[in-house]
Amino acid sequence: MLKIFLDRKIYLLLLFAFSGGFITHYFNRQLQEYEYKKRENDLENAHKVVVNTFTESLNRFAYLMTGMRSHLRSVEPFPSQEDLRLFLSYQTDELKIRDSLIVSFLNTDHEFVYSFTKNRIDPGNLIGTSVRSFRNGVEIGRLNNLLQNDHMKLFPPLNLVEGWVGIPLNFPVFKEGKPIGYIASILNFRNIIEPIYNLEYSTDFVFRFSDANGVFFDREQVHDGTTVYHDRVDDKYFKNYDVDPTTFVSSEITVFDQTFKIGTAYVSNQSPNPYLRWIILFIYTLIFLFAGVAIYRYMLYQQLNEKLKNVNQVIKMQNEALQESNATKNRLMSIIGHDLKGPISSIINLINLVEDSAISLKDSKTILKQLSPVAKNILNLLENLLQWAMVNSDKTLFKPESVSVDQIVQENFDLLHSVAQQKNIKLVKNIPDNLSVIVDINMFSTIVRNLLSNAIKYSPRDSQVNITGRQENSNFIIEVSDQGIGMSSKEIHAINTMELEMSKRGTAGEKGTGLGLTLSKAFIAKHNGSLEIKSEEGKGSTFRVILPA
């Protein structure tokens with residue numbers, strides 16, 4: 001009996017050893033796969049953040065130049081070099097760009113007429129010289145092509161004589177329909193790349209940057225064989241690391257006709273911890289000896305997995321927020337080009353006709369009356385754009401105070417009277433004289449103005465727009481109703497989700513952007529209020545704003 005017992009004991013020990021080894025091997029392989037997948041996911045997420053950061057930096061540069069282009073189109077006569085430098089100085093205060101941005105104005109023969117930074121005039125002694133003296137024929141050809149099309153174009157980075165890498169963003173300048181030259185703005189490329197290296201986890205990765213032709217560049221130089229006017233090197237250049245090129249996750253982005261390739265890889269190709277096998281062996285040996293400890297360890301593993309899932313979800317939401325922000329800015333650029341270019345061009349054309357005496361004084365007055373609402377719409381759009389930008393940069397001042405609702409409504413009635421009169425629309429208010437509410441005056445006035453403007457835009461001739469206000473329990477309610485074309489459920493959903501899209505035309509062909517309503521939604525949210533919409537196609541709309549009293 002003793003021998004049988006010992007044989008069984010040895011058999012059980014051997015079975016235990018075999019089972020323990022098999023389970024150890026199985027779970028060791030599972031954990032290795034888990035670590036590999038986690039590492040790959042972390043790389044993908046980090047790369048998305050890098051691409052978004054790079055794109056956002058380029059867009060910030062483009063917004064600055066878009067503002068300068070709009071300024072040059074709107075001022076007469078053409079500004080002096082000092083005036084343009086002061087304009088640049090004001091614009092770059094928000095972007096914290098110091099003397100790492102050079103702006104030059106060149107004539108159609110590619111000679112420097114202006115050249116300045118935020119704080120200096122002619123930093124490279126280029127005024128009076130020609131680009132032809134240091135750029136080849138291919139590059140001059142690109143500049144000639146730039147003069148043929150009225151749009152902004154981004155060029156590949158260059159090694160500059162000033163001793164840094166510059167990325168040019170150029171656009172032509174037209175007067176009376178003809179090009180008189182072009183603005184060449186060159187930003188230190190370190191301003192584009194540096195935010196990536198400032199990311200919290202950037203030390204774990206190496207980054208690779210190149211243009212569409214595969215020319216690599218970093219924060220100190222472009223590696224294209226051209227002269228480098230300094231002796232600094234970027235210690236973060238990817239070729240300084242022993243990284244397998246096949247491990248890079250790569251993406252391409254195109255901004256203003258220029259394509260960039262961005263790659264991200266781990267600094268070191270780490271393998272899973274070699275001690276994990278022994279740790280797993282120890283853990284699962286304890287499982288066979290102490291079932292309770294095994295269950296406890298399993299519960300810890302489940303908690304760790306849940307935390308990892310939550311972290312990945314947060315990263316995913318952050319990436320989606322970045323992508324949504326970039327998409328919103330791109331759509332905003334489309335709005336600016338769509339709604340400002342046409343009306344301003346019409347005004348400029350009228351001025352040219354008057355100057356050339358091509359039309360009579362009577363005709364001029366008639367056209368001026370037609371352009372008056374156009375100019376007011378432009379002003380309203382610019383004001384909405386400015387307020388929208390301030391809301392999205394968290395720089396909007398919120399100063400609630402007690403105001404008369406009737407006074408605010410009447411002021412906006414007076415402002416929109418001429419617009420309503422053109423369609424013979426009657427504006428009717430039903431506001432108690434003593435009704436007041438604690439709000440930010442500018443925000444509340446913007447909400448009222450945009451709702452009234454939309455109601456007028458989508459109402460037919462000889463109709464009526466009503467606005468009412470009242471106190472209801474602990475809330476203040478104001479309603480704007482019209483007898484217009486109404487909206488579909490899809491359009492109402494777009495408003496409720498704050499999608500910034502080009503809106504449909506009004507009943508008199510008025511153009512819209514949807515920005516005013518989006519801005520109103522943001523201001524209502526600032527007051528912890530809500531917007532309710534009731535509408536049916538062909539039967540008008542009612543917009544109800546509910547604010548805490």
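**Helices and strands in a predicted model**

The crossing of helices H9 and H11 is left-handed. Two packed helices are described by the angle between their axes and the distance between the axes. Here H9 covers residues 441–457 and H11 covers residues 515–526. Their axes come within 9 Å and cross at roughly 145°.

On the H9 side, the contact is made by Met443, Thr446, Ile447, Asn450, Leu451 and Asn454. They meet Gly516, Leu517, Leu519, Ser520, Phe523, Ile524 and Lys526 in H11. By type, the residues of this contact are seven nonpolar, five polar and one charged.

Several residues of H2 are buried, namely Gln81, Leu84, Arg85, Phe87, Leu88, Ser89 and Thr92.

Now to the strands. Strand S18, residues 541–548, runs antiparallel to strand S16, residues 475–481, and seven bridges join them. Within this pairing, Ile478 stands opposite Val545 in S18. S18 also pairs with strand S17, residues 530–535, in the antiparallel sense, over six bridges. There, Ser530 stands opposite Ile546 in S18.

S17 and S18 form a hairpin, with five residues between the two strands. In the turn, Gly538 has a positive phi of about 85°. In a regular strand the side chains alternate between the two faces of the sheet.

Terms used
Residues numbered from 1 in each chain as written. Predicted model: local features only at pLDDT ≥ 70, side-chain atom pairs only at ≥ 80, totals over all residues. Heavy atoms only, no water. Axes fitted to C-alpha atoms, helices over the stretch in contact; angles between N-to-C directions. Helix = DSSP H or I, 4+ residues; strand = E, 2+ residues; numbered from the N terminus. Left-handed = near helix turned anticlockwise from the far one by under 90°. Contact = heavy atoms within 4.5 Å. Nonpolar A, V, L, I, M, F, W, Y, C, P; charged D, E, K, R; others polar. Buried < 20%, exposed > 50% of the residue type's maximum accessible area, 1.4 Å probe, protein only. Pairing = 2+ DSSP bridges.
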